[in-house]
Amino acid sequence: MSPSNQSRPTKAERTAAAREKARQIREAQQKKEKRNRLLVRWGVVVALVAVIAIIAIVVSSSMQQSAPIANSGPSPANMNANGGITLGKGSAVTAEPASTVNAASIPTPTAQPSQGQQANAKGVEAAPKGQPAKVVVYVDFICPVCGNFEKTYGDKLTQLRNSGEITLEYRPIAFLDQNSTTNYSSRAAAAAACVANQYPDKYADFFAQLYAQQPAEGSAGLSDQQLKDIASKLGADISQCVDNKTYRPWVKYTTALAAADGVTGTPTAFVDGKQWGIGDSANQAFDAFLQADLDARAKA
């Protein structure tokens, strides 16, 4: 039969066909919308699972970093009983034996020194005549003023110790743990103790890098992995020492010792037993304060 002889669909048939096509389009659209809704729901579920996993990791890490620290533990070799490491010419470090310390043995200070009163810090007395001047500085690795002190005077101090005019003793403490969500002051000081114990010749460079990469006060600070990475780039593997929190009790001890000796903030610096920033030196730059001592020693 030729097309011209085929019967044309009736109006009812055309209407029924149009309705069927519309139904099929609706069903396809509904299926598509259903698939999209399912995809959105699964996407939300996956995102929630990822967020929960991240939160769990962060909380777990924070709990580990903020876990209570024992009072008693080992001291690092090459750091003295006052919590310091003494740097001399080049990478020379004064050798000190390791021992055991207990923060519970340090008495809690009954009163803090009044403004302008010198702290009663131990081991800061003047070096003997003919010997390099003794410079002792208490620092906190998240303290922005300490960072500025290092930026301003670090190169000069390095120059003077390399020339044999001074010995430089840094005493890292953790007064500002409360200014970090992960006790960064303690973690960084403990990492520095790991370097002092195993790689004393790397200590000065590690110290400088902690301030070159100093985190903002109030932040979480550098992670343990970042601290380990900084040491690793200097040729020091402190991974096990950091992971085991080996020297966290030591930092707890030295921080309590500094407080008991009347140190109230960082940086607190001494030159041959005289504390910078009090008395006549209250408005004097540290380099001028130090030079005055060196000039007096040269005339003695």
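**Exercises on a predicted chain**

With a relative accessibility of 13%, Asn78 counts as buried, because buried means under 20% relative accessible area, exposed over 50% and partly exposed in between, with a 1.4 Å probe and protein chains only. The model is predicted, so local features need pLDDT of at least 70 and side-chain atom pairs count only at pLDDT 80 or more, while totals for chains, interfaces and linings use all residues. Residues are numbered from 1 along each chain as its sequence is written, and side-chain values use heavy atoms, with hydrogens and water left out.

**Exercise 1. The chain as a whole**

Describe the secondary structure of the chain, and state what percentage of its residues count as buried.

*Solution.* Begin with the elements: the chain has eight helices and seven strands, where helices (H or I, at least four residues) and strands (E, at least two) are DSSP runs numbered from the N terminus. Next, turn to burial, where 39% of the 300 residues count as buried.

**Exercise 2. Helix H2**

*Solution.* Just after H2 comes Gly164, which takes a positive phi of about 80 degrees.

**Exercise 3. A disulfide**

Which cysteines form a disulfide, and what is its handedness?

*Solution.* A disulfide is a pair of cysteine sulfur atoms within 2.5 Å, and by this rule the count comes to one. The sulfur atoms of Cys194 and Cys241 are 2.0 Å apart, and these two residues form the disulfide. The torsion about their S-S bond is about -85 degrees, so the disulfide is left-handed. The pair links distant parts of the chain, with Cys194 in helix H3 (residues 184-198) and Cys241 in helix H6 (residues 239-243), 47 residues apart. As for burial, Cys194 counts as buried at 1% relative accessibility, and Cys241 counts as buried at 10%.

**Exercise 4. An aromatic pair**

Decide whether the rings of Phe207 and Tyr211 are stacked, tilted or edge-to-face.

*Solution.* Rings of Phe, Tyr and Trp (its six-membered ring) pair if their centres lie within 6.5 Å, and planes under 30 degrees apart count as stacked, over 60 as edge-to-face and the rest as tilted. A search of the whole structure finds 13 aromatic pairs. In the pair of Phe207 and Tyr211 the centres are 5.3 Å apart and the planes stand at 65 degrees, so the pair is edge-to-face. Both residues lie in helix H4 (residues 203-212), four residues apart, which is about one turn of the helix, and both are buried. Together with Phe141, Tyr170 and Tyr203, they form one aromatic cluster.

**Exercise 5. Backbone details in loops**

Find the loops that hold Asn78, Asp272 and Pro267, and describe the backbone at each residue.

*Solution.* Asn78 is in the loop between strand E1 (72-74) and E2, and its phi is near 80 degrees, a positive value in a residue other than glycine. Asp272 lies in the loop between E6 and strand E7 (274-275), has a positive phi near 50 degrees, and counts as buried at 6% relative accessibility. Pro267 belongs to the loop between helix H7 (248-260) and strand E6 (268-271), and a cis peptide bond with an omega of about -5 degrees joins Thr266 to Pro267.
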